[in-house]
Amino acid sequence: SVSERPLHLVFVSMPFGGIEVYWKNLRRRIEGRTDMRSTWISIDWRDRETAPLGRWLPWNWTLHGSLLARSRILKIMEDGPVDALVLNHTIPAMGLWTIRKRVPVFISMDVTPEILEPFADHYQMRRLFGSWSPTSIRDRWLHWVFATAAHVMPWSELVRASLHRTYGVPEEKLTVVRPGI
């Protein structure tokens, strides 16, 4: 039973910029604890490891990153029970179809796609997609990700409001957790 062993939390990170600093600080605080076991997975956008299903799909970072996270989480779950997944991005959550039915998923968010939209040109989104935009597919997928998450932890009131307004996340599933440790 869970009470006879330390909780096993799996932390999944898509590290870049401020998220990477936050995640390293969190890891430094948690790793030495004896009341829980922590496993840390890092999914880097430059990582060319192929997830099993990824071999047959066209290259797309969201699909690739989510399938890679899924593959690595399943491998950890083969070695024993996992009590919760803590993610710092929505990409790893997108590939957790059946896993999220067995293990609660907590998502920490620094920004939402809605907030990033005015900066799409800086991220070359229009050049990559032209007049066609995957926004409606992405947004439906994100609605599902947030609806099935145990809890979402936005970093700010701005992100909390966006999650509630645009993605329909109920207030009771939102707790602002600022990134300072």
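This is a predicted model: local features need pLDDT of at least 70, side-chain atom pairs count only at pLDDT 80 or more; totals for chains, interfaces and linings use all residues.
Residues are numbered from 1 along each chain as its sequence is written, and side-chain values use heavy atoms, with hydrogens and water left out.

Five strands form an open sheet in the order β2-β1-β3-β4-β5, with parallel pairing. Strands (E, at least two residues) and helices (H or I, at least four) are DSSP runs numbered from the N terminus, and two strands pair if DSSP finds at least two bridges between them. Because β2 (36–42) and β5 (151–154) stand at the edges with a single partner strand each, one side of each is left without a neighbour in the sheet. From one strand to the next, the twist averages 20°. Strand β1 (residues 7–13) runs parallel to β2 and is joined to it by seven bridges. Val12 stands opposite Ile41 in β2.

Helix α2 lies across β1, β2 and β3 (84–87), at about 150° to β2. Helix α8 (residues 157–167) packs on the sheet, touching β4 (105–109) and β5, and its direction makes about 140° with that of β5. Axes are lines fitted to C-alpha atoms, for helices over the stretch in contact (heavy atoms within 4.5 Å), and angles run from 0 to 180 degrees between N-to-C directions.

Arg70 is placed in helix α2 (residues 61–78). Leaving aside neighbours within four places in sequence, Arg70 is in contact with Gly95, Leu96, Trp97, Thr98 and Ile99.
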